[in-house]
Amino acid sequence: MRFLLILAAIANMALLAYGQGFFGPPPSEQGRTPRPLSQRSQQALVPSAPIPPEFTPR
């Protein structure tokens, strides 16, 4: 019985590692080609003045 528990735990850890991409690209990223940094949206990060304290959420 202990053997089955250890086997299930090892199988669970192996599937987690596979899903997270420890053995290559994760399955959720199959077929995707990442864009180079130069093609990403440059307008997404615009430096500006800090937000005043009265407008910050509490």
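Mentor: Y18 sits in helix α1, in a model that is predicted.

Trainee: Why is Y18 called partly exposed?

Mentor: Its relative accessible area is 47%. Buried requires under 20% and exposed over 50%, so Y18 at 47% falls in between and is partly exposed.

Trainee: Which residues does Y18 contact, beyond its neighbours within four places in sequence?

Mentor: Y18 is in contact with F23, P26 and P27. That term requires heavy atoms within 4.5 Å.

Trainee: F3 is also found in α1, which covers residues 2-20. Why is F3 called exposed?

Mentor: F3 has a relative accessible area of 60%. The cut-off for exposed is over 50%, therefore F3 is exposed.

Trainee: What makes a nonpolar patch of M1, F3, L4 and L7?

Mentor: Patch members need over 30% relative accessible area and no salt bridge, and nonpolar side chains are joined within 5 Å. These four residues form such a patch on the surface, with about 530 Å² of accessible area together.

Trainee: How do you know that the span of α1 is close to the expected one?

Mentor: α1 has 19 residues and reaches 27 Å from its first C-alpha to its last. The expected value at 1.5 Å a residue is 27 Å.

Trainee: What follows α1?

Mentor: G21 does, with a positive phi near 95 degrees.

Trainee: How much of the protein chain is buried?

Mentor: Buried residues are 3% of the 58. The chain has 1 helix and 0 strands.

Conventions:
Residues are numbered from 1 along each chain as its sequence is written. This is a predicted model: local features need pLDDT of at least 70, side-chain atom pairs count only at pLDDT 80 or more; totals for chains, interfaces and linings use all residues. Side-chain values use heavy atoms; hydrogens and water are left out. Patches are made of residues with over 30% relative accessible area and no salt bridge: like charges are joined within 9 Å, nonpolar side chains (Val, Leu, Ile, Met, Phe, Trp, Tyr) within 5 Å. Accessible areas come from the Shrake-Rupley method with a 1.4 Å probe; for residues, only the protein chains shown count as cover. A salt bridge is a side-chain nitrogen of Lys or Arg within 4 Å of a carboxyl oxygen of Asp or Glu. Helices (H or I, at least four residues) and strands (E, at least two) are DSSP runs, numbered from the N terminus. Buried means under 20% relative accessible area, exposed over 50%, partly exposed in between (1.4 Å probe, protein chains only). The expected span of a helix is 1.5 Å times one less than its number of residues.
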